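Keep the model open beside you as you read.

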Amino acid sequence: APAAAMATADREQLRRTHGAGEDTCVVLIASRFEAWKGHRDLIESLASGSASWQLWIAGAPQKTGEGANDTALRELAAKHHVENRVRFLGHSDRVPALMAAADLLCQPNTDPEPFGIVFVEALYAGLPVVTTGFGGAAEIVTNACGVLVPPGDRRALVQTLGSLIVDRPRCRALGSAGPARAAGLCDPSTRLAEVSRVLAGAGVACH
């Protein structure tokens, strides 16, 4: 289901809780702590720019080896002197609220995502999505609602993030196209109607 819209006061309160003003671009990644989700590339790409940003990392280690990745990411943020701009939020049951308070979602996968329900959730929430252009993401994200960067192209990721962080009107425009795209992909009534039409065309009665 689409993320519930937050009142402006609620959005501002959540951002203040994490030290982000309205002039700060909040980038969200909400995923498991598997290395291929691209946390490292995301931190390094953001750290290479000078714009006003903050990174919210929602999620916590669950599987063997993910704890080491968590530690490595914290060390990486410190190495680039951006530890005060990266928020490790841990496991959260408030991801819809985080999406409503963030400005864009970025998950630069280094391996193909089988589907990527988080991308659909972000689009429903009105967030533009930046991710890697292979796997399921390539079937979800269009240039009307986000940006697909070529696999392994760090320069493209840096440029894309830098551009969206600075160009807030474009960021908002991409986000505004998200709900319609998500509904077109995953709205239950839309999908059931399509199945019904296919079955009807095949001569199968639907009751």
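Helices (H or I, at least four residues) and strands (E, at least two) are DSSP runs, numbered from the N terminus. On that basis, the chain contains 10 helices and 6 strands. Please bear in mind that this is a predicted model, in which local features need pLDDT of at least 70 and side-chain atom pairs count only at pLDDT 80 or more, while totals for chains, interfaces and linings use all residues. Residues are numbered from 1 along each chain as its sequence is written, and side-chain values use heavy atoms, with hydrogens and water left out.

Let's start with the overall form. The radius of gyration, taken over C-alpha atoms, can be held against a globule rule of 2.2 Å times the number of residues to the power 0.38. For 207 residues a compact globule would come out near 17 Å, and the chain's 18 Å agrees with that. Along the principal axes, the C-alpha atoms fill a box of roughly 65 × 40 × 30 Å.

Now look inside. A residue is buried under 20% relative accessible area, exposed over 50% and partly exposed in between (1.4 Å probe, protein chains only). Of the 207 residues, 43% are buried. Contact means heavy atoms within 4.5 Å; among contacts between residues at least 6 apart in sequence, 67% join residues at least 24 apart.

On to the charges. Side chains of opposite charge can pair when their charged atoms come close. The term salt bridge here means a side-chain nitrogen of Lys or Arg within 4 Å of a carboxyl oxygen of Asp or Glu. By this rule there are 12 salt bridges.

Arginine 11 sits in helix 1 and aspartate 103 in the loop between helix 4 (95-101) and strand 4 (104-107), so the pair ties together parts that are 92 residues apart in sequence. Both partners are buried: arginine 11 has a relative accessible area of 18%, and aspartate 103 has 11%.

Arginine 11 also forms a salt bridge with glutamate 22, with 3.5 Å between the closest N and O atoms. Glutamate 22 is partly exposed, at 40% relative accessibility. Arg11, Glu22 and Asp103 belong to a network of salt bridges that also includes Arg15 and Arg168.

Finally, find glutamate 113 and lysine 37, whose closest N and O atoms lie 3.2 Å apart in another salt bridge. This pair links loops 76 residues apart: glutamate 113 is between strand 4 and helix 5 (117-124), and lysine 37 is between strand 1 and helix 2 (39-47). Glutamate 113 is buried at 10% relative accessibility, as is lysine 37 at 5%.
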